[in-house]
Amino acid sequence: MIVLSDGSPASSKAGDCMGYTKRIVKAIEETSPIDIVAIGIEDRNVAKIYKQHYVIQQSSELEKAMLTIIERKVI
């Protein structure tokens, strides 16, 4: 699974969205065969949530980042 993120998890409801997201992602990474790789777009918060992550500084770098992930994970 490739996750694209442009910042911290947010919600219109009260609560700890960042903590909740970290717990869910950790559970998936540790107990599921699903491989998650996140791409942070102009934001480094993916490093706080996902074990496997890339950070790009411009949206024009997205294609290259996705191809790199596919190359390393699939091919």
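## Strands side by side

S1 and S2 pair in the parallel sense over four bridges. Strands here are DSSP runs (E, at least two residues), as helices are (H or I, at least four residues), and both are numbered from the N terminus. Two strands pair if DSSP finds at least two bridges between them. The model is predicted: local features need pLDDT of at least 70, side-chain atom pairs count only at pLDDT 80 or more, and totals for chains, interfaces and linings use all residues. Residues are numbered from 1 along each chain as its sequence is written, and side-chain values use heavy atoms, with hydrogens and water left out.

Leu4 has Ile39 in S2 as its bridge partner. S2 also pairs with strand S3 (residues 53-56), again in the parallel sense and over four bridges. There, Ile41 has Ile56 in S3 as its bridge partner.

## S2 under cover

Ile39 belongs to strand S2 (residues 37-41). Its relative accessible area is 0%, so Ile39 is buried. Beyond residues up to four places away in sequence, Ile39 touches Val3, Ser5, Val46 and Ile69, among others (contact means heavy atoms within 4.5 Å).

The largest nonpolar core has seven residues: Val3, Val25, Ile36, Ala38, Val46, Ile49 and Tyr50. Such a core is a set of buried Ala, Val, Leu, Ile, Met, Phe, Trp, Tyr and Cys residues joined through side-chain atoms within 4.5 Å. A second, separate core of six residues includes Val37, Ile39, Ile56 and Ile69.

Val46 has contacts outside its four-place neighbourhood in sequence, including Ser5, Ala38, Ile39 and Tyr54. Ser5 lies in strand S1 (residues 2-5). Ser5 counts as buried because its relative accessibility is 15%. A polar atom of the Ser5 side chain lies 2.9 Å from the backbone oxygen of Gly7.

Side chains of opposite charge can pair when their charged atoms come close. A search of the whole structure finds one salt bridge (a side-chain nitrogen of Lys or Arg within 4 Å of a carboxyl oxygen of Asp or Glu). Asp35 forms a salt bridge with Lys73, and their closest N and O atoms are 3.4 Å apart. Asp35 is in the loop between H1 and S2 and Lys73 is in helix H3 (residues 62-73), so the pair ties together parts that are 38 residues apart in sequence. Asp35 is partly exposed at 35% relative accessibility. Lys73 is partly exposed too, at 42%.

Glu29 sits in helix H1 (residues 17-31). Glu29 is buried yet has no salt bridge. Lys51 is the nearest side chain of opposite charge, 4.7 Å away. Lys and Arg count as positive, Asp and Glu as negative; His and the chain ends are not counted. Leaving aside neighbours within four places in sequence, Glu29 is in contact with Ile36, Ile49, Tyr50 and Lys51.

Most residues other than glycine have a negative phi. Glu42 has a positive phi, near 60 degrees. Where is Glu42? Glu42 lies in the loop between S2 and helix H2 (46-49). Its relative accessibility is 54%, so Glu42 counts as exposed.

Definitions and conventions
Buried means under 20% relative accessible area, exposed over 50%, partly exposed in between (1.4 Å probe, protein chains only). A polar contact is a pair of N or O atoms within 3.5 Å; within protein, one must be able to donate a hydrogen and the other to accept it, and residues adjacent in sequence count only if both atoms are side-chain atoms.
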